Amino acid sequence: MSADLLSAARQRQGEIVALLQDLVRIPSVNGRDSEAAVAQRIAEEAARLGLRASLPAADPARPNVLAEWGDGPQGFALIGHMDTVAEGDPAAWTHPPFGALIEGGRLFGRGAADNKAGIACGLHAIALLRDLNLLDPAQARVMLAGVVDEESGASSPLGVRHLLDAGWLRARGAIYTYAGDIVCVGHRGLLRLILRAAGRAIHSGSPAWSRGEGGVNAVTGLAAILVALERLRLDAPAHPAFAGLGCTITPGTLIQGGEFESMVPARAEALIDVRLMPGQDAEEVIHAIQAVIDAELARRPGLTVAVEVKNSLPGAAIPVEHPLAQIAARHAHAITGREWAIAGAGPANEGYMLIEAGIPTLCGFGPQGGNAHAPDEWVSVESLPQTAAIYAGTIRDYLAGWSG
């Protein structure tokens, strides 16, 4: 079946590439651009392919898009987010960030790998399933969901959360269509904390400051806490899919403070980025961080630090031996000729929502690409039809296991 699938997918390569170029050329930077134009282009392609298309939205200005085929009880969902991070300085790119130019077998542009290529592949994978009669539409229902607002922190109520709560994503399995080179069975969690330090301002040239009789420096107090947090090591549950990964604390990914050049700073603020292992309790991590803060406050009378939770989402994973992972690895090997590791991802994504909803999910599995969140983001053109074939084969065999 793999050879026939790949042959049929390669006949669609031009269509997949053209769609992806259109999607990349529509800026959809989170916090700056709506995803509406991207959703509309996907819906148009779905209609051209003879698939049902709808635009379910929690926020009408930022609609999700759903393309479907089949009406049966055996559901499967392909999911990709339509928003991107910002392009940054265009001068740092060797190709225009929204040009979708192809050179050396790579298509370049913001969102190409993260996550628009997977969306283009997923849409044509559904058409492959239909055109090759790989599933009975009376038994299966396969859908592609292009979702909004993932890049805001993978915890938005507008995208995957809305589709789950509204009952759109009833499925026995799912693939989040990130570009990558592993069969991703899960991801670490994310905890982001904002630390706001308050001291006491005083003129930096005053005698009282010179004698140590007034003022409390919020910047140096917060800096001491950040350095102490950099040394903090926390035990975390081990997981066979996350070899070489653990709980990491990165203090001060954003930092600001002070009021004026000649003032002892009375305020400072920093963001702490924490990556959690599956099964790790975020509250215990917050308690350990608070203990470090309290120890430094005891050495600096007059300094206070407030802690705000900005983002908190858990790590999640399905078992390495789960049929979805094993079937996907088998098809990836058959189509590409190389072994794909079954492993977990370091960065967090929305897969936890699906897994918590009882939907076994590959939290990142798709075309070959690179430089996500960096200049010259790219995706391999050759990998696009390969990915469509892998998706189609995986969905067919996974759902056949339910019906058989």
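This is a predicted model: local features need pLDDT of at least 70, side-chain atom pairs count only at pLDDT 80 or more; totals for chains, interfaces and linings use all residues.
Residues are numbered from 1 along each chain as its sequence is written, and side-chain values use heavy atoms, with hydrogens and water left out.

**Stop 1**

Select Ile 79, Leu 169, Leu 362 and Phe 365. These touch the most other members of the largest nonpolar core, which has 98 residues. A nonpolar core here is a set of buried Ala, Val, Leu, Ile, Met, Phe, Trp, Tyr and Cys residues joined through side-chain atoms within 4.5 Å; buried means under 20% relative accessible area, exposed over 50%, and partly exposed in between, with a 1.4 Å probe and protein chains only. Helices (H or I, at least four residues) and strands (E, at least two) are DSSP runs, numbered from the N terminus.

Zoom in on Leu 169. Skipping neighbours within four places in sequence, its contacts (heavy atoms within 4.5 Å) include Ala 77, Ile 79, Met 143, Val 160 and Leu 354.

For the second, separate core of 29 residues, pick Ala 228, Leu 232, Val 285 and Leu 297, which are among its members.

**Stop 2: strand S11**

Select residues 267-276. Strand S11 has 8 of its 10 residues buried, so the rest of the structure largely encloses it. Then show S9 (residues 189-198), which runs antiparallel to S11 and is joined to it by 10 bridges; look for Gly 189 opposite Leu 276. Strand S10 (residues 248-257) also pairs antiparallel with S11, over 8 bridges, and there Gln 256 faces Glu 269. Pairing takes at least two DSSP bridges between two strands.

**Stop 3: helix H2**

Jump to residues 13-24. Colour Ile 16, Val 17, Leu 19, Leu 20, Gln 21, Leu 23 and Val 24, which are buried.

**Stop 4: the cysteines**

Disulfides, meaning cysteine sulfur pairs within 2.5 Å, come to 0 here. Cys 184 has its nearest cysteine sulfur, that of Cys 363, 5.5 Å away, and Cys 184 is buried at 3% relative accessibility. Finish on Cys 247: its closest cysteine sulfur, in Cys 184, is 18 Å off, too far for a bond. Cys 247 is buried as well, at 16%.
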